[in-house]
Structure formats: C-alpha cells, structure tokens
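Me: I have a two-part request for you. Could you take me through the structure below, and tell me what each label rests on?

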There are 2 protein chains.
Amino acid sequence: MRYAPPIARLLEELERLPGIGPKSAQRLAYYILRADTGDATRLADAITEVKRTIHFCPQCFNFAEGDLCEVCADVERDTTALCVVEEPRDLVAIERTNEFRGLYHVLQGAISPIDGIGPDQLRIRELLVRLADESVTEVVVATNPNVEGETTALYISRLVKPLGIRVTRIASGLPVGGDLEYADEVTLGRALEARREM
Amino acid sequence: MRYAPPIARLLEELERLPGIGPKSAQRLAYYILRADTGDATRLADAITEVKRTIHFCPQCFNFAEGDLCEVCADVERDTTALCVVEEPRDLVAIERTNEFRGLYHVLQGAISPIDGIGPDQLRIRELLVRLADESVTEVVVATNPNVEGETTALYISRLVKPLGIRVTRIASGLPVGGDLEYADEVTLGRALEARREM
C-alpha cells in the first residue's frame, strides 16, 4: 500500500526543497493535511504570488517587486558607495545594521570551482558595467568570510582597483558579546591582525 | 528596509509549518524564489490538490481519496482483525511490513493529559461503534511504545476486553540488527521479559 496519489505528489514536491528529507516532508505533509483549508490555501497562494510578482532588480540583482528593488529605487541613497554581497539575504542583514546608506550589488553566489561556479556564473560583468557608468568611489566587498567569499573578494578587488576605485573589505574578528576563550584560532588571529589604536 | 510584501508573506506562511523557524523559512523562500516557476507552481498545486481531494476515511479515519480509504475499500482484507494506530503514518509503516492483512482504526493521536488530549479527543468512540457492528475477533493495539501510547493502549484494552474481543499489543524489544551493548535498559528489560522458546 502506498499513499494516495495526491499525498504522494505533495511528498515528492516537498522533498525537492532544500534541507527537507523524507521524514521532514512527511511531517510537513501531515501538517498541511490536518490544517484548515484556509491556512493551506494561504501557503499555496503565497508561493504562487511570490513567483508572479518578484523578479531580480535589473540594476543590483536583489529581489524586486517594482521595476527596481526598494534600495535602488530610493533616491536618498548614497550613490558613491556600492556594497557587493553574495545573496539578497546578505543585503537584508546589512540593511538591518543601519550602518550603510549606499547601494548594493548582489552577485547571486560566490566563486566555487568545486561547484562549477566561476566569475561568469556571477553578476560580476554587470558590476563592472555599473562601475563604468556610475559615480561610485568605494566598493565595500561584503562576501562571506569563508574560502569562497574570500576568493570572490580577491577576484573583485583585482578587477576594480585598476579602475581607480577604492575597494574595502568588511572586517573579520571576534563577534561582539563573544568570548575570547571560545573563539577559533583563525578568527582570533584575524582579530589580532586587525587590531586598532584605542 | 524590509522584504518586499510578497516575500514577507511567504516567509510568514512558511514559518507556520512545524519545525520551520525563521532561518529555515528564509532558506525555503529563497529556494522558491530562485526555482523555475514550473517547480514552484507544482508545489503550490500539490498543496491545493491535497486539500481538495483528501479527507478522512469515515470508517477508519485514515486519509482517503475515494469514499473509503484504500485499505477499507479492499474487499480482500481480513475483517476479523483490527489494528489500532495513532496516525495514518503508523498505518503506512505497518502496511510496509506485509505482516498484517486486517483492517485499521486510526485514533488521530494518543492520550496525553499534558497536551489536553483525553479519550474524547481521539476516535475511541468510533472504535467502539465499529466493534459493536463488525465481525472483529482481535484488536491489535499498535500505538507507540512511549508513555502516551502505552496509556492509550491500556485504556483501549480495558474498554475492549469486556466485549469478549481479544486485545493484543505489538512487542517491544531489541531492534533487529541492533546491538545489545547499545540497547537502553528499559528496552533490554522488555526484550528479556518477552523472551520466547526457541
């Protein structure tokens, strides 16, 4: 005996989602099966709606509902600073700090030869086009502080510096509120290396 | 800056799902945003479809696509044995063993006073109605071997035995392929207690 075909189909679709294995898919399917039809419909509609209304911003490649994304459409932003991030979620993380008032450029990934992702799979060409056209004086590279992110940062730095534009990298160091004792050596080494006068 | 409203709405709906926190919801939302529209539509449709087509079997309370569920609709099944389980997934697990050819009764939960679930919240009344009407001679209680499942098993046993129907309980013991050394004491104790002649 198998699940009824509509249940089997739902399980199959749920298992395609990242981080969802057969057990999680079953838990989610059971939840959906027992939920109010209204709740389930809202979930299905939210999925359909997001695909219908959201596209990539043609300027920075963030997710956008209008022509441009919310940041690019905001005329109050500082157009001389451009922050390069891997994914839209990184942009959201930086916006939450309220520390950056410039524009963004979303690479949609990081260089990772092992995953077959080279510069051509990222939005690096589009970054160079923007830098040629716009009034940018500083590129803040905020890719992740891991191997792929650092490789990508280095690659971008080598391309952008010759254009006479300042390239900066977000700092690595101890998390605020963190504990020296529990920091890994690499992070602690970086924190020492990047020490500043008080 | 917040997410565009359709993205925020999707995140909110995803976070309602069991075991999905804000981070998982974000990962799922990003996957959906980057997926083919076809893939996303299939997921949304599978959710809508399952709500439209699946209901509870009026006889055993398993999920059903037709009038009765697949098991109840199967005239080849042995109508003298009834296996009582907590959830439809338990029914599927038992069906996979090919060891049971009778019918089922899905309680839709187990007695758990701490969660406010008493006998009245389960399909126990419906079980008794079935036992009065049908030709059942044995009730196999296959609730989970945990506190709630054992409590439920005991409760059902006390109700059913006076009807002159045999009540059996699935065995607890060492998992097949398991290792004595790693078995917990309670399981090992049960395995000893339930030892059989060879």
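**The interface and its labels**

Reply: Happy to. In chain B, 54 residues are in contact with 54 residues of chain A, contact being heavy atoms within 4.5 Å. This is a predicted model, in which local features need pLDDT of at least 70 and side-chain atom pairs count only at pLDDT 80 or more, while totals for chains, interfaces and linings use all residues. Residues are numbered from 1 along each chain as its sequence is written, chains are lettered from A and ligands numbered from 1 in the order in which they are written, and side-chain values use heavy atoms, with hydrogens and water left out.

Me: How much area do chain B and chain A bury between them?

Reply: About 5100 Å², with 69% of it on carbon and sulfur atoms. Buried area is the accessible area (1.4 Å probe) that two parts lose on being put together, summed over both.

Me: Which elements of chain B supply the side that touches chain A, and what makes the pair of E13(B) and R42(A) a salt bridge?

Reply: A salt bridge needs a side-chain nitrogen of Lys or Arg within 4 Å of a carboxyl oxygen of Asp or Glu. The N to O distance for E13(B) and R42(A) is 3.5 Å, so the pair qualifies. On the side of chain B that touches chain A, α1 (5-15), α2 (22-34), α3 (37-53) and α4 (88-97) each supply at least two residues; these helices are DSSP runs of H or I with at least four residues, strands are E runs of at least two, and both are numbered from the N terminus. The most comes from α3(B), with 13 residues.

Me: Why does the pair of E87(A) and R34(B) count as joining two chains?

Reply: E87(A) lies in the loop between β3 (78-85) and α4 (88-97) of chain A, and R34(B) lies in helix α2 of chain B, so the pair links the two chains. Their closest N and O atoms are 3.0 Å apart, which is within the 4 Å limit.

Me: And why is E87(A) called buried or exposed?

Reply: Buried means under 20% relative accessible area, exposed over 50%, and partly exposed in between (1.4 Å probe, protein chains only). E87(A) has 11%, so it counts as buried. R34(B), with 40%, is partly exposed.

**Within chain A**

Me: How do you know that E49(A) and R52(A) form a salt bridge?

Reply: Their closest N and O atoms are 3.1 Å apart, so the pair meets the cut-off. Both residues lie in helix α3 (residues 37-53) of chain A, three residues apart, about one turn of the helix. E49(A) is partly exposed at 24%, whereas R52(A) is exposed at 62%.

Me: What surrounds E13(A), and why is E13(A) called buried or exposed?

Reply: E13(A) sits in helix α1 (residues 5-15) of chain A. With 5% relative accessibility, E13(A) falls under the limit and therefore counts as buried. Leaving aside neighbours within four places in sequence, E13(A) is in contact with D39(B), R42(B), L43(B) and A46(B). The side chains of E13(A) and R16(A) are joined by a polar contact of 3.2 Å; that term means a pair of N or O atoms within 3.5 Å where, within protein, one must be able to donate a hydrogen and the other to accept it, and residues adjacent in sequence count only if both atoms are side-chain atoms.

Me: What makes P145(B) count as buried or exposed?

Reply: P145(B) has a relative accessible area of 56%, over the 50% limit, so P145(B) is exposed. P145(B) is placed in the loop between β5 (138-141) and α6 (147-160) of chain B.
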